[in-house]
Amino acid sequence: MSRIPTMLMGADGPEHLAGRRVAQSVECLRCHYDLNGADAVGCCPECGLPVPFSLAGSIDPIVHKLSPIPNPSAVGRGLVAATIVLAVYSTVTFLWACFTMAMALGQVNVLDSLKAFRTDRFQGWWWVLVAGMLVCGVLAYWSFRPQQRGRVPVGTTRSLALFASGVFLLTLGAAAIPLTGGRSVIGLWLLAASPAMTLPGLVLMLIGFRGILIEIGQRCLTFRRAKVRRQNIPPILAALGLFALAWGGLLLGIRGQSETFIVICMAVGLLALVFVLVGCWYLLLNAWWIRGALRTPPERLRTLLTTAEPHSSSANVAGE
Ligand SMILES: [Zn+2]
């Protein structure tokens, strides 16, 4: 029994548990039994896990030390909307890169093989997608926009400006993709270059989003403690840089007609995009956690327990 804590650190300072009961719904960490009414130093009646462990797992004192944000639910929605934009664009960029390169694969003259492609069939659907993503991006911006006295709820005005210009550039770049192609050499060359058109927007948006995510992520225990499943943004930016290098090499290779070089660049570029894609879907998962923490913020330890009995004073516990 000596390992089970009789005191926990809450947002309002240390709380002694002896003689107190759980006064609200607190799920047992192991079996999810509702511990409401249980002895604070007792064990779960269902599985025997000591109640202090479940209490410690359901509070997050760090959150209560941070300055409150005026619109937590909206910020949570904005995080998810922003990461949907990132995840969808990284996915379609990868698919589009595969598609344009699949047409060119096995052919020395990439430009000739691209001539067979007609973009007008998929233009309509593509622009519907771009419009949908623009709505998501604007929704995210609206959630992060400056509140009273020009203060942004999370991040800095600089990160928000970068984020907004990223959404704008991403929309422009993506909307221009179906305009490439055609009969001219420049049009075909642009078609081969088109998977990179979402690149500047993605980079700006990710840099801006990083400032927002790091700050708001402090309010989510799962995000703070996550190791493998927590996505950092700099590796995604590095992969985008690698993609830019590979695609630049590829476009030079097209003019030089060097087949081996084209294939190497293609492989490196597509691999880098796979890394970006996986990273952006992880960001969506992280945003989902943080949204949950913002919607249902953790309780203060003091409000989870009945008031301390006079006879279980701190002097009494310290003397044990
Ligand atoms: Zn239990």
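Predicted model: local features only at pLDDT ≥ 70, side-chain atom pairs only at ≥ 80, totals over all residues.
**Entry 1: helix H6**

I looked up H6, which covers residues 157-176. I checked its length against its residue count. At 1.5 Å a residue, its 20 residues should span 28 Å, and the end C-alpha atoms are 29 Å apart, so the two values agree.

Next I listed the buried residues of H6. They are Ser159, Leu160, Leu162, Phe163, Gly166, Val167, Leu170, Thr171, Gly173 and Ala174.

**Entry 2: H6 against H8**

I then turned to H8, residues 199-217. How do the axes of H6 and H8 cross, at what angle? They come within 7 Å and cross at roughly 155°. An angle over 145 degrees counts as roughly antiparallel, so H6 and H8 are roughly antiparallel to each other. I noted the crossing of H6 past H8 as left-handed.

I wrote down which residues make this contact. From H6 they are Ser159, Leu160, Leu162, Phe163, Ser165, Gly166, Val167, Leu169, Leu170 and Gly173. From H8 they are Pro200, Gly201, Leu202, Leu204, Met205, Ile207, Gly208, Phe209, Gly211 and Ile212. Sorted by type, the residues of the contact are 13 nonpolar, seven polar and no charged.

**Entry 3: Ala196**

I moved to the loop between helix H7 (185-193) and helix H8, where Ala196 lies. Is Ala196 buried or exposed? Ala196 has 20 other C-beta atoms within 10 Å, so it is buried; the cut-off for buried is 20 or more.

I set aside the neighbours of Ala196 within four places in sequence and found it in contact with Ala244 and Trp247. I also checked Leu240: it is 44 residues from Ala196 in sequence, and their C-alpha atoms are 9.5 Å apart.

Most residues other than glycine have a negative phi. I noted two residues with a positive value.

His32 has a phi of about 65° and is not a glycine. I found His32 in the loop between strand E2 (13-16) and helix H1 (51-58). It has 12 C-beta neighbours inside 10 Å, so His32 counts as exposed; the cut-off for exposed is 12 or fewer.

Arg149 has a phi near 55°. Arg149 sits in the loop between helix H5 (120-144) and helix H6. With 5 other C-beta atoms within 10 Å, Arg149 is exposed.

Conventions
Residues numbered from 1 in each chain as written. Helix = DSSP H or I, 4+ residues; strand = E, 2+ residues; numbered from the N terminus. Contact = placed C-beta atoms within 7 Å. Expected span 1.5 Å × (residues − 1). Axes fitted to C-alpha atoms, helices over the stretch in contact; angles between N-to-C directions. Parallel < 35°, antiparallel > 145°, perpendicular 65-115°, else oblique. Left-handed = near helix turned anticlockwise from the far one by under 90°. Nonpolar A, V, L, I, M, F, W, Y, C, P; charged D, E, K, R; others polar.
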